[in-house]
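User: I'd like to go through this model with you piece by piece. Could you start with the terms you'll be using?

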Amino acid sequence: MPVRMKDIARDLDVSVITVSKALRNHADISSETRARVLKRAQELDYRPNLAARALVTGRTKMMGLIIPDLVHSFFAEVARGLSGVLRKSGYSVLISSSDESAELERQAMDQFLARGVDALLVVSSQWTVESFRRLEENGLPYILIDRNFSGLTANFVGVNDDAVGGLATRHLIEVGCRTIAHITRERISTALARLEGYRRTLSQHGLSVGPGYVVNAEETDSVADQSGYQAARKLLALDPRPDGIFCHNDLVASGAMRAIFEAGLRIPEDVALIGCCNLHYASLLRVPLTSIDQRSDAIGEHAARLAMTLVDRKSLVVPESILLEPRLIIRESTQRSR
């Protein structure tokens, strides 16, 4: 039979309430009593009945996290930052991958609802907001991470993607590029905001490019490199050829780098190249890649703290939006003589 709190209470000749408070580090329990309870709990290998606790408190001490890809290191770093904060407060994190599938994401949402998680954090692959309306109807707090939706007022934590596009484009201009192309991605909010920052910054500096200088690339880890390669080949065939390329992320940039070298061109002398995410391998590429750091760990940490705040609140409040400012990490792929 599993050890119960009443067993510890009987052994120490104290009440079950005293044992419960000691195990929860309650302020009105003396340090001596707490030490006795913890010592006896350890001796008996006591493990709390989380299901029973959830029935009493209405909380499972579990958070759900849905990400599009388990392999992409950006999402892994967000998960690491998030779980590190939650773990210190006694929360467990259940992680599910949608594989960039809206249907798999909806299934994961249903599973987390059934498990009774205290809050749900989502890097969404959906194009509509119906599933999030359902979360609201069920009273489950949720936070959008990295990607958001127009027309949905929700808690959000991410980087300022408009600033990402502006920072990358401005850097290419500052190193002397004048025909700057962009490899983007369709529909998702991060891509749309980066594209807007790119276009605005070109206009502010009196530069313009034709529509052919913005190319869409698929973005899943299995194809991003190849998509970046194919997109860069299209760009390099243009006249005039781009002298700078801003890529939606580092995976796409690694494929673009391969296309540039295959064309017999040099990086950064002929084509300066910049990515986004600042993945760990960016400095290890054939030419170390300049990249925009999205502060993935910090995104996870802020999302975790916001999730715990939402769980602790007793009433509805205005959703909060936390936008972190990106950072430019300069490496050899843009270090050119003007």
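Analyst: Buried means under 20% relative accessible area, exposed means over 50%, and partly exposed lies in between, with a 1.4 Å probe and protein chains only. Helices (H or I, at least four residues) and strands (E, at least two) are DSSP runs numbered from the N terminus. This is a predicted model, where local features need pLDDT of at least 70 and side-chain atom pairs count only at pLDDT 80 or more, while totals for chains, interfaces and linings use all residues. Residues are numbered from 1 along each chain as its sequence is written, and side-chain values use heavy atoms, with hydrogens and water left out.

User: OK, which residues of H10 are buried?

Analyst: In H10 the buried residues are Ala224, Ser227, Gly228, Tyr229, Ala231, Ala232, Leu235 and Leu236. Their cover includes E6, strand E7 (214–216), strand E8 (244–247) and helix H11 (250–262), where contact means heavy atoms within 4.5 Å.

User: Switching to the open sheet, what is the strand order?

Analyst: The six strands of that open sheet are ordered E2-E1-E3-E4-E5-E11, with parallel pairing; two strands pair if DSSP finds at least two bridges between them. Strand E2 (92–97) and strand E11 (321–324) are the edge strands, each pairing on one side only. On average, neighbouring strands of this sheet are turned by 15 degrees against each other, direction ignored.

User: How many bridges join E1 to E3?

Analyst: Four bridges join strand E1 (residues 62–67) to strand E3 (residues 119–122), and the two run parallel. Leu65, for instance, has Leu121 in E3 as its bridge partner.

User: Which strands does H5 touch when it packs on the sheet?

Analyst: Helix H5 (residues 73–88) touches E1, E2, E3 and E4, and its direction makes about 160 degrees with that of E2. Helix H12 (residues 296–312) also packs on the sheet, touching E1, E3, E4, E5 and E11, at about 170 degrees to the direction of E5. For these angles, axes are lines fitted to C-alpha atoms, for helices over the stretch in contact, and the values run from 0 to 180 degrees between N-to-C directions.

User: What about Arg80, which side chain does it join by a polar contact?

Analyst: Arg80 is found in helix H5, and a polar contact of 3.0 Å joins its side chain to that of Asp297. A polar contact is a pair of N or O atoms within 3.5 Å; within protein, one must be able to donate a hydrogen and the other to accept it, and residues adjacent in sequence count only if both atoms are side-chain atoms.

User: Why does Arg80 count as partly exposed?

Analyst: Because its relative accessibility is 47%.

User: Last topic, how many aromatic pairs are there?

Analyst: There are three aromatic pairs; rings of Phe, Tyr and Trp (its six-membered ring) pair if their centres lie within 6.5 Å, and planes under 30 degrees apart count as stacked, over 60 as edge-to-face and the rest as tilted. One of them is Phe74 with Phe75, edge-to-face at 5.3 Å centre to centre and 70 degrees between the planes, and both residues are buried. Another is Phe132 with Phe149, which is tilted at 5.4 Å and 55 degrees.
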